[in-house]
Amino acid sequence: MRGRRCDGYDALPARRWRAPDVGSARCYVERAPRRVERPEHGVKAGAVPWARTPSSRFTSAFGDQVAWLAPHMRRMPEFVELSRKVRRKRDGILRSIALGVSNARVEAVNNKIKVAIRQGYGFRSTDDLIALIMLRCSDLRPALPGRATA
């Protein structure tokens, strides 16, 4: 038996359910579900036709796709290797997620070094290039002759 609609409870925020991708675009189904009153359970969120359970965050089609892919991916060498790497580095991955750490600073310094090398093309000595890189990547602001310091 379907529950009867509860007008006082119908102002729920919109929820999203993950659906199968279309090409390279991620797809979601979004809707504000209604609450219904059921004699055996009281007031609950109503069922939606695209999900197996009201608490699910995935559409039935997405669940079917994952269930089909899981056993097939286990045999693909690329996924086997990826799985090994994730298992081997699991603690570090979880730690970096918990701490909110990223490699953005390292990538920024690498980019500064690459730009300095490109601009330093033609330097006669590697010492000059290393000095330029160290100057660019540090917080040092030496006083230059003929220029006012700010």
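Modeller: Glu81 and Arg84 form a salt bridge in which the closest N and O atoms are 3.8 Å apart. That value passes because the cut-off for such a pair is 4 Å. This is a predicted model, and the distance is computed from its atoms. Both residues belong to helix 2, which spans residues 77-88, and because they are three residues apart there, about one helical turn separates them. Glu81 is partly exposed, with a relative accessible area of 33%. Arg84 is also partly exposed, at 45%.

By the same rule the count comes to four salt bridges. Another of them links Arg16 with Glu30, with 3.6 Å between the closest N and O atoms. Here the two ends sit in separate strands: Arg16 is in strand 2 and Glu30 in strand 3 (residues 25-31), so the pair ties together parts that are 14 residues apart in sequence. Arg16 has a relative accessible area of 46% and is partly exposed. Glu30, at 53%, counts as exposed, because the threshold for that class is over 50%.

A further salt bridge joins the side chains of Arg18 and Asp21, at 2.7 Å from N to O. The two side chains also make a polar contact of 2.7 Å. Arg18 lies in strand 2, which covers residues 15-22. With a relative accessible area of 12%, Arg18 is buried, while Asp21 is partly exposed at 38%. Leaving aside residues up to four places away in sequence, Arg18 touches Arg26, Cys27, Tyr28, Arg57, Phe58, Thr59 and Phe62. Arg18 is thus a charged residue of a salt bridge that is classed as buried.

Asn111 belongs to helix 4 (residues 104-119) and, at 47% relative accessibility, counts as partly exposed.

Strand 4 (residues 35-38) pairs with strand 5 (residues 42-45) in the antiparallel sense, over four bridges. Within that pairing, Arg35 has Ala45 in strand 5 as its bridge partner. Strand 4 and strand 5 form a hairpin, with three residues between them.

As for the whole protein, there are five helices and five strands, and the order from the N terminus is β-β-β-β-β-α-α-α-α-α. The radius of gyration is 28 Å, whereas a compact globule of 150 residues would have one near 15 Å. Along the principal axes, the C-alpha atoms fill a box of roughly 85 × 50 × 30 Å. Buried residues make up 13% of the 150 residues, and Arg18 is one of the buried residues. Of the contacts between residues at least 6 apart in sequence, 38% join residues at least 24 apart. The protein exposes about 12,700 Å², and carbon and sulfur atoms supply 56% of that area.

Methods: Residues numbered from 1 in each chain as written. Predicted model: local features only at pLDDT ≥ 70, side-chain atom pairs only at ≥ 80, totals over all residues. Heavy atoms only, no water. Buried < 20%, exposed > 50% of the residue type's maximum accessible area, 1.4 Å probe, protein only. Polar contact = N/O pair within 3.5 Å; in protein donor to acceptor, adjacent residues only side chain to side chain. Contact = heavy atoms within 4.5 Å. Pairing = 2+ DSSP bridges. Rg over C-alpha atoms; globule rule 2.2 N^0.38 Å. Areas by Shrake-Rupley, 256 points an atom, 1.4 Å probe, with all protein chains shown as cover.
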